Amino acid sequence: CEDELNQVPISDASTASFYRNATDFEQAVNGVYSTLRGYPDRAFYLSEVRSDNVYGVGEAGVRDWEPINNFAATLATNPIVKDAWDSNYQGIFRANTVLDQLVARPDVITDENLENRLEAEARFLRAFFYFDLIRTFGKVPLIEHTLTPEEVLLVPRSPVAEVYNLVISDLEFAIQNLDETYAVVNRGRATKNAARGILARVYLTRSGPNYGIEGPGMASGEYSKALPLLNDIIASNRHSLVSPYSRIFAYDNENNAEVIFDVQYRSGGLGIGATFPGTMAPTTYFSAAGIPFAGNLEIIPVSNNLLNSYPAGDVRKSFTIHPNYTYVNRVFEPRAFFRKYLNETGRGQDRFDWPINYIELRYADVLLMKAEAILQGAAGTRAEVDNLVNQVRSRAGLTTPLTNVDLRQLMEERRREFAAEGLRWHDLVRSGLVLEVMNAWAPQEDIRNQIRKPITANHIIYPIPTSEMDVKEGLYEQNPGY
Amino acid sequence: TTTGATTTADGTYSISVPEAAGTLIFSFIGFSSQEKTFSGPGTINITLSDDAKSLEEVVVIGYGTQKKAEITNAVATMSAEKLTERPIARVDQALVGQMSGVRVRQTSGVPGRGFSIQVRGTGSIGANNEPLYVIDGFPLEVSAQNAGGGFTTGNPLDNINPNDIESIQVLKDASAGAIYGSRASNGVVIITTKRGKTGKPKINFNTYAGVNQTAKKLDMLSPEEWVDRAVEMINAAWVASGPNRSATQTTEQRRQILVQRGDLPPGGVNPNWMIDDRWLQPGHPGLAYIDWQDEMFRRGYVQSYQLTANGGTENVNYYVSGDYLDQEGIAIGVGYRRYTGRANVEVKANDKLKFGLNIAPSFSVAKDPGVEGKDQQMHIAVSLTPVSEENVDLDVNVGPNTSYRWGGTRNSPIRVVENSIGNTEIFRTLGTLFAEYTVLEGLAVRTSLNLDNIDTNIKTYTPAFVSGTTPTNRQAAGGYNGYRKQTFVNENTLNYNRTLADAHNFSVLAGFSYNFSRFNNVQLRSAGGFQNDIVTTLNAAANISGTGNNFTRETQSILLSYFGRVQYNFRDRYLASASIRRDGSSRFGNETKWGVFPSASVGWRVSQEGFMQGVAPINDLKLRASWGIAGNNGLGSDYGHIPRLAFANYTFGNNLATGQVPANSAYPFLSWEESETVDLGFDLGLWENRIFTSFDYYVKTNRSLLINVAVPTASGFATALTNIGKVQNKGWELELSTRNLTGDFSWDTNINLTHNVNEIKQLGPNNAPMPVPSEFDIPNSILQVGQPLYSIWVVRQIGILTQADIDQKVPLYGTQTVGDPKYLDNNGDGRITADDRVIVGHPNPDYIWGITNNFRYKGFDLNVLVQGQWGGHIYSLFGRAVDRTGQGFVDNALGFYRDRWRSPEDPGEGKRGKAYSTFGRIKNTDWLYRSDYIRVRNITLGYNLGDLLKGSFVQGARVYATAENFFGKDWYLGGFNPEALNTNGEDYGAFPLAKSLVLGLNFTF
């Protein structure tokens, strides 16, 4: 009866018992996608709250997002920063698991197209996670296979260029092997256009200035590599601008023509609902609206600078931003918050259970990235640029066309178009404007003198989380300034 | 020559002796022997006196018994005879303060909850720290205490009727415990239930009834003091909110300023900047001032009835019992009820074959609407704003009422506990069937089949009208959880006893055992409320879908064991014992399935030596030395070594897309934790055991400790399970019993005193200190080599900041100003940060002790148990709710704030800074308290009615009055219970212990 000692889990599968057929592999790939679910909150904190779009102070104690907003030196222990490291590596590990198992069990999937697609999806997501890591931390350990913890203890941070190499080769593989489009049951999986768009974003980011740090910018001058990718998306005729602006984010209009890649959610207490609409809105707003949400999330206020940047008639302002409200007990809240994704009637079971998808890449971004590539030196004319920008503006209700749009104007237009979509900080960084814009903004906005000034190049990326630094002394070196 | 005889059940005897004169020795287990000389035939009546520490006493050890005189390792014993003489609800409660080296912590005051027992300190970090319980030879599945203070898979002593217990032994060292192999490293508690005694039926009826109430109330600000603080804070916030704002501006003036700026609608109120003017009016018209603790606590009634019958013939003996216990808790809505039955029957089929059945079905219901822990109702009652609208009063924020505008958004805790359901029902059946066959004289084979089946159902329900933050968002919540836990054990042993040449006594044991354990659980929750407030079961839930909250799971494990033991003594003088056990467990990794656990011990009864004869006053002296290795297989998971997959779902096009991802890395070397104990001790009896003392010195080294070692998250996981740590517990134990007075007025004293020092010897691969993650802010405890486990690690407060401090630029935390606390800049970098944390204490007491005094005079008996602990600390996370810098005015604060810093001229006691502080907070020594306490755990005064009732059918009767936990002292001002454990491994809203006053009756028929 000693055989009885070899018990296997009853309520869990194990790696030994799994990966036996195509369905298992599809579930393994779904598990990689699942890692994306935390991405929107993080993008909001690390890119929007970090930028000139948000200014706020936690009233009831120090909130996790506050040190990000005020450039505190203590970010190495910040849970949001830690989550950016942990979640991306978790996603990379899951992608590597799929890729390694595909190699280890080559005959399990008989449909070669499906096998290639699953590999391409895993590699697309791995590239997505590594790109997020580069933008957040600069150099990071490069891990292409599942390694044991002992093996990972021997992998230091790799130069940004090497990490980019993997990102680019993964995305190129993805462009080759992903499907153009999917049937309804698979809508939301990465497409060829998604891979093209993200790769274009990678090239734009790499081409940005390096600010003298080992961050996402390498001044690589690859704008002309981005351009054809963006043109391919436009030429595919699968996407268009959705009008009016509000329909892009409508709960009953998901997977619309504007969406190129999104993180998908479903409410109903299944654990696959979205958190970001609730993250951006304070609890008191919901209780004022009679919505039974527990918790006590404070307002994360929109900066006056962003509020004032919208010209009259810009429909994006009122759709994106909720100006003020009154608490249940008649306390007035004069500050504004982002309500771009919020539709109270479509809520799920709690404040962490919204059905709405998070659009990571949409057609307007493709058009404006193309304008950016041309302005930065890729082939094209100023008239083309104006035309691209004016397409986006006219949807916003701004009928007077702009002419001779320059980079600065383009970035301001992107700011208004994509406010609350997690792009602002990255846009500022890759356009080279970040230090100038932020240092002009901070003194003007910071009436409570909370922001550590001046904002320097070291603040472009975040510190390696203390928990990682502490695992093994000398394994990673900390980013300068932290 | 020696001749012997035994008495009959009623004590009569006869003996024929060949000599005309000589000496008769009368002895009985548990009593002192007496010698009488005789000459010729006649009647000799004798009364034996109770022997506090008889060496003839038989001690139950693993797989057998041994005379106390022959024990060579550290075994603490407790006769349970006294359990019926005081009102005890649980067996673990009875152990408090009774034995050296055994720390019994009452971590919760909620009735029915299991106690935590630690034998010789804590030695494990990532695995179980509770002992193995063995009831009538049946080793129960070990159960670890969770971070919330409960026992997730049930406490092994749940539903056990203390009245059924005959004796309790604790095997403290690895030498004694090693026979239980991979489960014994935290000690083994051996419980023996009562057997029938040969003779005519004897019936006992015991009952008690009494009242209980909270042993402690927290010192919080009174409503008036709360108002005083709120006014100060609101004024300060107003002044800080903009230029030209002063504390002297009236509410109306403030309103005008705000309305003018558009920061307030006309007639509006901003409670952060405007006070409630009624506070300052005489008699605060329209407002109710409330002491929520007084409203929450009540006087609860307790009652218990126990009926037992035992008896036997030559061939059959039986013990049958039933018990009903009803405890009303000290707070509204809390209670515990238990029904148990037991039958122990033993049949002697013939001279060689004996078999028997013990069966004990039981049922209990614990009612707890959620009173203990963070954000639970006792926390809320303590911290809730003590002011309410008069027409709302206690009904704050329930039903149509909103919360008080200057108050918190909690629902009235009174209405919540009155209307919520939190019932834990346990139905347990514990059964043992055994047979013993004597093959030839001295050789016996025994087999037993044991089953412990525990079915637990937990129903929770909170109606809508006492939930939500406003009248518009109330929603009922409910759930139904349950589990079935089954342990099946088959033990087979062969025992051989032989004495050679009247001098060499051997006892040999060999055995095999099979242990199967299974745990199934189910959880269902409502999502989206209920259809109404009438039906509380989940058929009326709006929605119970969702795999995260609703599931069934199953897990099981197998343990196979081979074991053997040899005990030898030479003329009861030189004693030796050695045992070995080989355990194979399905919980261990594929490379480490089997473990071997050896032990050895020796003893020398010096007092038996010729040269000691006549060395008065020593009548007994034994030196002992033992060594052994025991294991700990309470690893938390049955499958820790297997890389398991977890669900990580996603959705495509609003279709659920099931995802599966690895949840842990493989660890084929996962093994038991191991503890090695060396024990040196002696037992000494003086003046015919008038004074009896035992002393032990031990070093217990726990190694291969299971630690979740931090690994780079780039591996996909933050930690990896590894058998790597090492912790040492060193200490000594003293037990001393004295019979101070004998005779009509007798007085006995039992003292136990334990000193234990705990030190981490090794952690991860590079011994890096491991801060213990806290769910609440930065870690406040740390594992560090050279320090005790879970050392408290926070910033040290060293006073209050003065203007001079600011001028001298002392290090500050953030935007601190005058009147804020001053912290120690430990690393000297000129600012206060989390890096300035220092170790300020440790949670384990250095000393634990208990003193029992027994007085008897004629029919009266008086028993007083005082116990306590010394030298440890507790870090009160509850401080985060009621004692934090930067705390708003809404929640009530600890009484310390009465003497807060108010101005440079009025700096208060220097403990707490100003009420309105805006620098935030950092975990510091504010929340650090000594966990020392002294508790008069029990005073029982009894009177034996035997003589009064003589002649009636009652054979004996005793009436008694008991005060449990009535007097005591602790230094824990930041919470109710210095031993509390309820949230994330710490105290964050403990429920207080009860004190009770009880009258009891014991009848024997």
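Reply: Here is a walk through the charged pairs.

This is a predicted model, in which local features need pLDDT of at least 70, side-chain atom pairs count only at pLDDT 80 or more, and totals for chains, interfaces and linings use all residues. Residues are numbered from 1 along each chain as its sequence is written, chains are lettered from A and ligands numbered from 1 in the order in which they are written, and side-chain values use heavy atoms, with hydrogens and water left out.

Side chains of opposite charge can pair when their charged atoms come close. Here a salt bridge is a side-chain nitrogen of Lys or Arg within 4 Å of a carboxyl oxygen of Asp or Glu. That rule gives 100 salt bridges over all chains.

Start with A:Arg430. Its side chain meets that of A:Glu372 in a salt bridge, 2.7 Å from N to O. A:Glu372 lies in helix 14 (residues 363–375) of chain A and A:Arg430 in helix 17 (residues 424–431) of chain A, so the pair ties together parts 58 residues apart in sequence. Helices are DSSP runs of H or I, at least four residues long, and strands are runs of E of at least two, both numbered from the N terminus. A:Glu372 and A:Arg430 are both buried. Buried means under 20% relative accessible area, exposed over 50%, and partly exposed in between (1.4 Å probe, protein chains only).

A:Arg430 also forms a salt bridge with A:Asp427, with the closest N and O atoms 3.5 Å apart. These two residues are 3 apart in helix 17 of chain A, which means about one helical turn separates them. A:Arg430 has 3% relative accessibility, so it counts as buried. A:Asp427 counts as buried too, at 3%.

Now chain B. B:Arg587 and B:Asp638 form a salt bridge, their closest N and O atoms being 2.7 Å apart. Both sit in loops: B:Arg587 between strand 24 (574–585) and strand 25 (594–605), B:Asp638 between strand 26 (618–632) and strand 27 (645–647) of chain B, so the pair ties together parts 51 residues apart in sequence. B:Arg587 is buried, with a relative accessible area of 9%. B:Asp638 counts as buried at 11% relative accessibility.

Back in chain A, there is also a network of salt bridges. It links A:Glu258, A:Asp314, A:Arg316, A:Lys340, A:Arg362, A:Arg393, A:Arg395, A:Glu413, A:Arg416, A:Glu417 and A:Glu421.
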